[in-house]
Amino acid sequence: MGDVSIKEVAQLARVSPGTVSNVLNRPERVAPATRERVRHAIRELGFVRHGSASTLRAGHSRTIGLSVMDIGNPFFTDVAAGAEDVASDLGYAVILGNSAGSPSKEEHNLTVFAEHRVRGVLITPSDGAPHRVDRLRERGISVVLIDHPAHRPDQCSVTVDDVAGGRMAVAHLLDRGARKICYLTGPQTIRQCVERGHGAGQALAAAGLDPSAALETVEAPAMTARAGQEAAARLIASGRLPEAIFCANDLLALGMLRGLLQAGVDVPGEVALIGYDDIDFAAASAVSLSSVRQPTYKLGQIATELLLEECGDPGTHAHRQIVFQPELVVRESTGRVRQHGGHPTTDEE
């Protein structure tokens, strides 16, 4: 059987050849029902596009790039899943690059994306990376920031209000009776860690407490479970356990939980614990973990929709900076706190 033509696909799908071309090159411009009818005809006829030729003609491929900070963190896995589902539905593939928090690795990822003539790039930048993003845009490659706000009106971004999330976490610990709180954070070069800490301080100030006295900040070298467990060992060795601990992400919190339980510390009886992200493992831990939930899958989903919308019609695309609100998820790890040196309280909820 000879090569199937676009015209034959169009005849079977009862559309024009131009519509078939749009489904292949600009699917976001075609109604979902029509798009599916064309794809059904493509599958039935066994049509195969000449990818390299179409890429050269169009100046880009049917791919988008996604650069994340740490693919080992379930937060970024969920973001990638949301991005891939939307991209796949619109006929695109996602090329994934893991920067591991390294600006040089991120630079390499973006260079590879450009060499592959990606249609656009989604990025969770390691350090803001404004110059790297600007270089992509100068080459005509659309960019959407994920989990990092855009600081210019002609740039799209999708983020979560991390100050509100930190405020929410510590307000919950205060409601549970804690007055001495530890904030276990990652490197202060990470914007999210800083903003969650700001929110923690705001919650203490709103409760009439001096943040400098009521909040001890402990910085871990990485936002991993191992770093959380090592921080637990240091806290226990110091002999000064706080009444509650707020961790900047769930991996730190799960490591902290493991370290505390192994040392015989009662969670939440002696120390209440809350994380951030609400990854799947949070609900399944030995003591189910309270957490601040981020809409991770939706971040990837909405960011990809914005990216492909801009790619489809950059002239009329309205740039948006979307900010989602986090959500408090209460589980076993923040049962009512026992006041150190005072009378124990009970959780009557």
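Contact here means heavy atoms within 4.5 Å, and the model you are looking at is a predicted one.

With that in mind, select helix 2, residues 17-25, where Thr-19, Val-20, Val-23, Leu-24 and Asn-25 are buried.

Next, go to the open sheet, whose six strands follow the order 7-6-8-9-10-12 with mixed pairing. Strand 7 (215-219) and strand 12 (327-329) stand at its edges, and each has a single partner strand, so one side of each is left without a neighbour in the sheet. If you look along the sheet, the twist from one strand to the next averages 20 degrees.

Within the sheet, select strand 6 (residues 181-185) together with strand 8 (residues 244-247), which pair in the parallel sense over four bridges; Leu-184 stands opposite Cys-247 in strand 8. Then show helix 8 (residues 162-175), which packs on the sheet and touches strands including strand 6, strand 8 and strand 9 (272-277), its direction making about 160 degrees with that of strand 9. Helix 9 (residues 191-206) lies across strand 6, strand 7, strand 8 and strand 9, and runs at about 170 degrees to strand 6.

Finally, centre on Ser-288, in the loop between helix 13 (280-284) and strand 10. Is Ser-288 buried or exposed? Its relative accessible area is 12%, so Ser-288 counts as buried, the cut-off being under 20%. Leaving aside residues up to four places away in sequence, Ser-288 touches Ala-282, Ala-283, Arg-331, Glu-332 and Ser-333.

Methods
Residues are numbered from 1 along each chain as its sequence is written. This is a predicted model: local features need pLDDT of at least 70, side-chain atom pairs count only at pLDDT 80 or more; totals for chains, interfaces and linings use all residues. Side-chain values use heavy atoms; hydrogens and water are left out. Two strands pair if DSSP finds at least two bridges between them. Helices (H or I, at least four residues) and strands (E, at least two) are DSSP runs, numbered from the N terminus. Axes are lines fitted to C-alpha atoms, for helices over the stretch in contact, and angles run from 0 to 180 degrees between N-to-C directions. Buried means under 20% relative accessible area, exposed over 50%, partly exposed in between (1.4 Å probe, protein chains only).
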